[in-house]
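I opened my notebook to look up how this chain is built. Here is what I am reading from.

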Amino acid sequence: MAKTVYQRNQKVWVESVGAWATIEKIVPIWAKGFDEPVRVTYDVGLGREFLAHELKPEDKMDPQEGGVLSNWRVLRARNKWQQESDCLHHPFPGTYPVVVTDPNDWGGWRTPGAEYDRDPRKIEFQARLIAAAPRLHALSREIMTLVGDHPEDAPPALLALAQKAAAIERELHETPAAGTVEG
């Protein structure tokens, strides 16, 4: 018998469409003589119902498959608060960096105009660093896996790097207590 895999209002990636959607309705398919549904489909508002294997939950995406983290990139936005002639000292006059983290160019990181004008090279570096973070994270995990598989063969320096990476990985997955300041 079929069981539901997703919940109503859950955000999912619809692989065949290449878009994010939200489960609007769970549609059980019943058959005579069965106490439970024989199949469950999901209406995500895209014109047809999808089976569970056609969807991926938001937190289970593999970044190597083109998932959640693979879309991080730096775009340029038009500088609305200054004329291009007033900011010729900027690396890209008339624009500022925006890091987007969604395939549809939504979400991500932006900087206040005054902060960008104060130190544009620093902000440009931060944008590139944030956009590279998923790749750096993947590299860190590869190092931890390599050392974890053969710790006795790892040089002490590599072992120390893997331990630092593991500590950072733990920090990434910890939820800070309310009222605490990270830094």
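I began with a sheet: three strands form an open sheet in the order 2-1-6, with antiparallel pairing. Strands here are DSSP E runs of at least two residues, helices are H or I runs of at least four, and both are numbered from the N terminus. Two strands pair if DSSP finds at least two bridges between them.

I then looked for the edges. They are strand 2 (19-22) and strand 6 (55-57), each pairing on one side only. Neighbouring strands in this sheet are turned by 40 degrees against each other on average, direction ignored. The axes are lines fitted to C-alpha atoms.

I noted that the model is predicted: local features need pLDDT of at least 70, side-chain atom pairs count only at pLDDT 80 or more, and totals for chains, interfaces and linings use all residues. Residues are numbered from 1 along each chain as its sequence is written, and side-chain values use heavy atoms, leaving out hydrogens and water.

Next I checked strand 1 (residues 11-14). Three bridges join strand 1 to strand 6, and the two run antiparallel. Which residue stands opposite Lys56 in strand 6? I found Trp13 there.

I stepped back to the whole protein chain. I counted three helices and nine strands. Along the sequence, the pattern is β-β-β-β-β-β-β-β-β-α-α-α.

Terms used:
Axes are lines fitted to C-alpha atoms, for helices over the stretch in contact, and angles run from 0 to 180 degrees between N-to-C directions.
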